[in-house]
Amino acid sequence: MINIYNDKLTIYRNMLMPVMSSSLEDIADNIKVFSDPTRLKMVKLLMNGELSNKALSLLLSITPASVSQHLKILKDTGLVSAVKHKNNIFYRINQNQIDHILSEVTRFLQEGSGTSF
């Protein structure tokens with residue numbers, strides 16, 4: 001627990017934040033990807049197998065341009081990769097990256113169980 005008394009807050013902050021700051025930022029950035037309902041639906045659909053932009057557009061009832069925007073965010077975080085088959089591009093989930101994000105969040109929450117901010 002952090003007590004705010006004179007300079008104790010500064011001492012505790014200096015002890016905690018250098019270790020956690022970059023990790024916290026990475027975790028927060030990864031969690032942001034899941035903050036959009038459409039992206040969550042996309043991830044859920046892709047967990048069942050590869051899909052094209054057009055298929056995702058039809059299944060989600062959104063424009064292909066919207067699908068592309070969401071896919072770009074998912075690709076930038078490594079959650080989705082693209083595979084070209086003939087004239088089509090299919091997207092697949094990167095299960096290892098999802099597992100990594102979930103384990104990082106779990107690890108952080110378990111380590112911080114005795115700390116209040």
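This is a predicted model: local features need pLDDT of at least 70, side-chain atom pairs count only at pLDDT 80 or more; totals for chains, interfaces and linings use all residues.
**Entry 1: surface.** Next I checked burial: the chain has 117 residues, and 24% of them count as buried.

**Entry 2: layout.** I went through the secondary structure and noted 5 helices and 3 strands. Along the sequence they follow the pattern α-α-β-α-α-β-β-α. I also asked myself what share of the contacts between residues at least 6 apart in sequence join residues at least 24 apart. My note reads 50%.

**Entry 3: a helix pair.** Two packed helices are described by the angle between their axes and the distance between the axes. I picked helix α2, residues 37-46, and helix α3, residues 53-60. Their axes come within 11 Å and cross at roughly 120°. Angles of 65 to 115 degrees count as roughly perpendicular and those over 145 as roughly antiparallel, so I wrote down α2 and α3 as oblique to each other. The crossing of these two helices is right-handed.

**Entry 4: who meets whom.** Which residues of α2 meet α3? I listed Thr 38, Lys 41, Met 42, Leu 45 and Leu 46 on the α2 side. On the α3 side I found Leu 56, Leu 59 and Leu 60. Sorted by class, this contact has 6 nonpolar residues, 1 polar and 1 charged.

Definitions and conventions: Residues are numbered from 1 along each chain as its sequence is written. Side-chain values use heavy atoms; hydrogens and water are left out. Helices (H or I, at least four residues) and strands (E, at least two) are DSSP runs, numbered from the N terminus. Buried means under 20% relative accessible area, exposed over 50%, partly exposed in between (1.4 Å probe, protein chains only). Contact means heavy atoms within 4.5 Å. Axes are lines fitted to C-alpha atoms, for helices over the stretch in contact, and angles run from 0 to 180 degrees between N-to-C directions. Angles under 35 degrees count as roughly parallel, over 145 as roughly antiparallel, 65 to 115 as roughly perpendicular and the rest as oblique. A crossing is left-handed if the near helix is turned anticlockwise from the far one by less than a right angle, and right-handed if clockwise. Ala, Val, Leu, Ile, Met, Phe, Trp, Tyr, Cys and Pro count as nonpolar, Asp, Glu, Lys and Arg as charged, and the others, Gly among them, as polar.
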